[in-house]
Amino acid sequence: MNPANSQGSPVGPPDAHVMPRYTAPDTFARLPRLDDVGSAAVAVLGVPFDSGVSYRPGARFGPAAVRAGSKLLRPYHPGLDVLPWTVHQVADAGDVGVNPFDLSEAVGQIEAAARATLTRADHLLTIGGDHTIALPLLRAMHEKHGPIALVHFDAHLDTWHSYFGAPYTHGTPFRRATEEGLLALDRSAHVGIRGPLYSRTDLFEDKELGFATVSTMDVARRGVDEAIDRVRERVGDRPVYISVDIDVLDPAHAPGTGTPEPGGLTSRELQMILEGLRDLNLVGADVVEVSPAYDHAELTALAAANVAYELLGLFALGSPAQEKASNG
């Protein structure tokens with residue numbers, strides 16, 4: 001990877017003691033733009049797209065809202081004991097210009113943008129956008145890493161066959177990913193599933209595809225630690241992609257989303273589970289389904305920005321510089 005500056009040290013956000021955090025730049029956590037640093041260990045890519053939603057629209061405005069919520073973030077993560085954007089270069093790659101009228105073309109545009117970004121970044125953290133975007137992102141990841149273990153945080157399975165005959169929607173990405181052979185299904189799991197379904201067969205069909213499930217009720221009854229253990233055992237040492245639909249959180253914690261379901265995880269539970277996934281071979285991640293028109297006091301945008309921060313912390317733990325520092 002090329003050095004971020006002439007000294008080869010990562011370029012970070014402005015000093016918040018000099019430039020208050022509510023000032024520019026309007027990038028994620030006020031990080032430098034990828035075009036300005038040339039290359040990065042992790043690129044944050046926005047995908048303002050919501051043509052695949054089945055209920056409330058508005059997630060096309062999610063990347064901007066999450067970037068605004070990210071200005072509260074600080075450089076040291078005490079839970080993981082890591083500096084997410086100091087041990088290696090993290091940069092904001094901007095937004096993908098996605099066709100809002102032709103869904104199939106949009107899927108291709110997102111895939112092409114992800115592939116192009118991965119020529120300049122080792123890893124990709126994507127901010128959506130609705131969950132349709134996970135399919136083209138997984139295609140790009142599969143090209144680089146082969147079949148991937150998926151850890152999917154969501155209220156919903158997102159393995160339905162189609163909606164109104166449409167194959168590409170926010171409820172179908174992981175059915176398509178399964179059909180295309182993108183996933184290591186024996187290493188993949190849903191976390192946070194809950195709420196009413198169309199039919200009992202939804203659960204049977206999902207299990208037949210090969211996914212394991214840790215439901216919200218499992219977390220409530222058996223605790224966060226057991227959920228972490230189950231996910232870690234399931235994933236093993238496979239390259240893993242973490243996909244977080246913000247509706248995995250209870251609407252009390254994330255009201256600004258397209259298909260809210262009562263009875264979800266708390267923000268704290270999600271943070272604890274993500275932090276418990278340290279040392280996995282994380283290769284990519286996304287945070288999706290923030291719809292700011294339904295948000296209140298930026299609760300959802302703040303929650304999503306902090307989920308992204310947790311993911312950046314996990315990427316940093318796996319960086320060569322952090323491993324060298326940890327080993328003395």
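P25 sits in the segment before α1, the helix at 34-37. This is a predicted model, and in it the peptide bond from A24 to P25 is cis, with omega near 5°.

R30 is in the segment before α1 too. Its phi is near 60°, which is a positive value in a residue other than glycine. Is R30 buried or exposed? At 3% relative accessibility R30 counts as buried, because the cut-off for buried is under 20%.

Where is G129? In the loop between β3, residues 121-128, and α4.

And there is another positive phi. E298 has phi near 60°, again in a residue other than glycine. You will find E298 in the loop between β8, 281-288, and α10. E298 has 44% relative accessibility, so it counts as partly exposed. I list these backbone values because most residues other than glycine have a negative phi, and most peptide bonds are trans.

Now the helix packing. Take α3, residues 103-117, and α4, residues 134-145. These two helices pack at an angle of about 40°, and their axes are 8 Å apart. The crossing in which α3 passes α4 is right-handed. Which residues meet there? On the α3 side we have V107, I110, E111, A114 and R115. They meet P136, L137, R139, A140 and E143 of α4.

Next, α9, which covers residues 267-275. Which of its residues are buried? L270, I273, L274 and E275 are. If you want to see what covers them, several elements take part. Among the strands are β4 at 149-153, β5, and β7 at 239-245. The helices include α7 at 216-222, α8 at 224-235, and α10 at 299-317.

Last, the surface. L197, L203 and F204 make a nonpolar patch of about 270 Å². L197 itself lies in the loop between β5, residues 189-193, and α6, residues 201-209. With a relative accessible area of 33%, L197 is partly exposed.

The positive phi values I showed belong to R30 and E298.

Conventions
Residues are numbered from 1 along each chain as its sequence is written. This is a predicted model: local features need pLDDT of at least 70, side-chain atom pairs count only at pLDDT 80 or more; totals for chains, interfaces and linings use all residues. Side-chain values use heavy atoms; hydrogens and water are left out. Patches are made of residues with over 30% relative accessible area and no salt bridge: like charges are joined within 9 Å, nonpolar side chains (Val, Leu, Ile, Met, Phe, Trp, Tyr) within 5 Å. Accessible areas come from the Shrake-Rupley method with a 1.4 Å probe; for residues, only the protein chains shown count as cover. A salt bridge is a side-chain nitrogen of Lys or Arg within 4 Å of a carboxyl oxygen of Asp or Glu. Helices (H or I, at least four residues) and strands (E, at least two) are DSSP runs, numbered from the N terminus. Buried means under 20% relative accessible area, exposed over 50%, partly exposed in between (1.4 Å probe, protein chains only). Axes are lines fitted to C-alpha atoms, for helices over the stretch in contact, and angles run from 0 to 180 degrees between N-to-C directions. A crossing is left-handed if the near helix is turned anticlockwise from the far one by less than a right angle, and right-handed if clockwise. Contact means heavy atoms within 4.5 Å.
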